[in-house]
Amino acid sequence: MSIETLLNGESKNVEYKLTPPSRSINYTKTAVAFANGQGGCLVFGVEDQTLRVVGIAEDKVFTVMDSISDAIVNSCEPLIIPDITMHDVNGKTVIVAEIAPGLQRPYHIKSLGQEQGTFVRVAGTTRQADQPTIRELTIEGSSRSFDQVQCLGLSVTEKDIEALCASLTKTAKNNAEDPAKVKTVTEKQLLQWGVLAEQDGQLVPTNAYAILTGNTAVRSVVQCGVFKGTTKAVFVDRREFVGTPQELIEESYQYVLRNIHMGARFKGVYRQDVYEIPPDAIRELIVNAIVHRSYIDHSSIQIAIYDNRLEIASPGRLPMGQTIERMKQGYSKIRNEALASAFEYMGYIEHWGSGILRVLQEVRDAGLPEPEFLGGDTDLRINIYRNGSETGSDDGIVTGLRRDSLSDDGIVTGLRRDSLSDDGIVEGTTSKTNAAPNATITVLPSQKERILDALRKNVSISISDAIRILGVQERQAQRILKSLIEEGSAVKIGAARATRYAEAKKRTEPHE
């Protein structure tokens, strides 16, 4: 790193000290943090607030360099050897102590012990590492993959192994262009991947086995939510999914599609669905979050849908050697090697490192802003910003429709023929108005069942409650409630703003 770059301000990899502090721990803990991360430089002789170069007195330069080296070498464990150099900046001398990324993690301050003395860099600051981070660092330092470590307290039978092999094979065939070419997973294959391990001549399950079977021995949860506005202050809807990776991917993916807008393009009599965010990009990011997250961290993957964006947050710091910049360039760093092998077999992953590149291209092709990558120190968050358009776009594609506007056979409902242009492209319709007043709205059985379930659990619900439960517009919610009333499953109580809906009590016929 050039001295010019070092003087551009503090960052995740650069920290300034005006002079070496009297207590060396004030900079040795940063040396530890650099070694536990991507490396970095301590720059002595620069004021951090103003970036003013003060320099180190010439008669003390070599003494200061020796004291810095001694402090880092003697205070840190395992051994950290800094590369210390001096540089002339406008006639003033600054000292740079460069720390390389360490391979024997976790590094810590000897006098504090590993639990209290392990530090990491978070957003340009040095912070004490928590237990999940220390465990993650320990795994990195042992050159192991957490998912390939034996899952303590979990056992496996031949029948269990056969069931997992069958499940993985079925998924692979479902995802394959030519299912006949898919080879059946075997016990030997699971051993090679690290889903199973051998101990004292017996097969034992690893953490990857627990994850792939949805076993709660390793926490694997995806939390999904829809929020009003651009923060998490107001919930509109939320769901929590548990299960196998295949189930988590599909349920999370469908949840997002249900809660984003969809347009429609007609070519002749044929209709093409066009979501405001490319579905393949959504699915790719969900797959990446599940296969590359830290399973040592007990946090959940969080998928949040805001008015202006879709955000997918994956727990855990980036794996050793990975950065956001390298990720966006197609560089792949595998955290969970056994899972990655199983996902590749099942067809969720095509080529290492290509997933993020495909997401970037698909979002670009859709005319959306480039995805935003944030964090990397404790978690990774990826934002895809929504189009924001609620009317027909320039190319005649309707945006602003939701899946609730579709009938069971995938036809747009609530649209009149005069909404179509001569070439059959829908024009000027929005989800806010839901087309013409006399248009037919299809009521799906699943929607009615969700309302009935709410009526059974509550004394009564309002129209606002129904809108929140279904994630539809008011007119659609009213139609569903009216349908339930007409068939005798619900009753209307009160009038005007005081109107509520309750489950209809079944009458008991008198005995003859």
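**The largest cavity and its surroundings**

Tutor: The lining of the largest cavity draws at least two residues from each of α10, β16 (309-315), α13 and β18. Helices (H or I, at least four residues) and strands (E, at least two) are DSSP runs, numbered from the N terminus. The model is predicted, so local features need pLDDT of at least 70 and side-chain atom pairs count only at pLDDT 80 or more, while totals for chains, interfaces and linings use all residues. Residues are numbered from 1 along each chain as its sequence is written, and side-chain values use heavy atoms, with hydrogens and water left out.

Seven residues of the lining come from α10, which gives the most. In total 33 residues line this cavity, and N288, H292, M327, I356 and L380 lie nearest its centre. Its volume is about 450 Å³, and the structure holds three cavities of 30 Å³ or more. A cavity here is a set of points on a 1 Å grid over the protein atoms alone where a 1.4 Å probe fits but cannot get out; lining residues have an atom within 4 Å of a point. The volume is the space filled by probe spheres set on the points, which are joined across faces, edges and corners.

E276 pairs with R386, with closest N and O atoms 2.6 Å apart. This pair links distant parts of the chain, 110 residues apart: E276 is in the loop between β14 (270-275) and α10 (279-292), and R386 is in the loop between β18 (379-385) and α14. Buried means under 20% relative accessible area, exposed over 50%, and partly exposed in between (1.4 Å probe, protein chains only). E276 is buried at 9%, as is R386 at 12%. In the second pair, E370 and K328 have their closest N and O atoms 3.5 Å apart. E370 belongs to the loop between α13 (354-365) and β17 (372-375), and K328 to helix α11 (residues 324-328), 42 residues apart. E370 is partly exposed at 47%, and K328 is likewise partly exposed at 29%.

The whole structure contains 15 salt bridges. Another of them joins R121 and E15, whose closest N and O atoms are 2.5 Å apart. Because R121 lies in strand β7 (residues 119-122) and E15 in strand β1, this pair ties together parts 106 residues apart in sequence. R121 is buried at 6%, and E15 is buried at 10%. The side chain of E15 also makes a polar contact with that of T30 (3.2 Å); such a contact is a pair of N or O atoms within 3.5 Å, in which, within protein, one must be able to donate a hydrogen and the other to accept it, and residues adjacent in sequence count only if both atoms are side-chain atoms.

Helix α15 (residues 463-470) has I463, A466, I469 and L470 as its buried residues. Viewed down the axis of α15, these fall within an arc of 120°, so they line one face of the helix; the arc is that of the directions from the helix axis to the C-beta atoms. Among the elements covering them are β12 (234-242), α14 (445-457), α16 (474-486) and β20 (500-503), by contact, meaning heavy atoms within 4.5 Å. Just after α15, G471 takes a positive phi of about 65°.

Notes
Salt bridge = Lys/Arg side-chain N within 4 Å of Asp/Glu carboxyl O. 1 Å grid on protein atoms, 1.4 Å probe; cavity = no way out; pocket = protein on both sides within 12 Å on 5 of 7 lines; lining within 4 Å.
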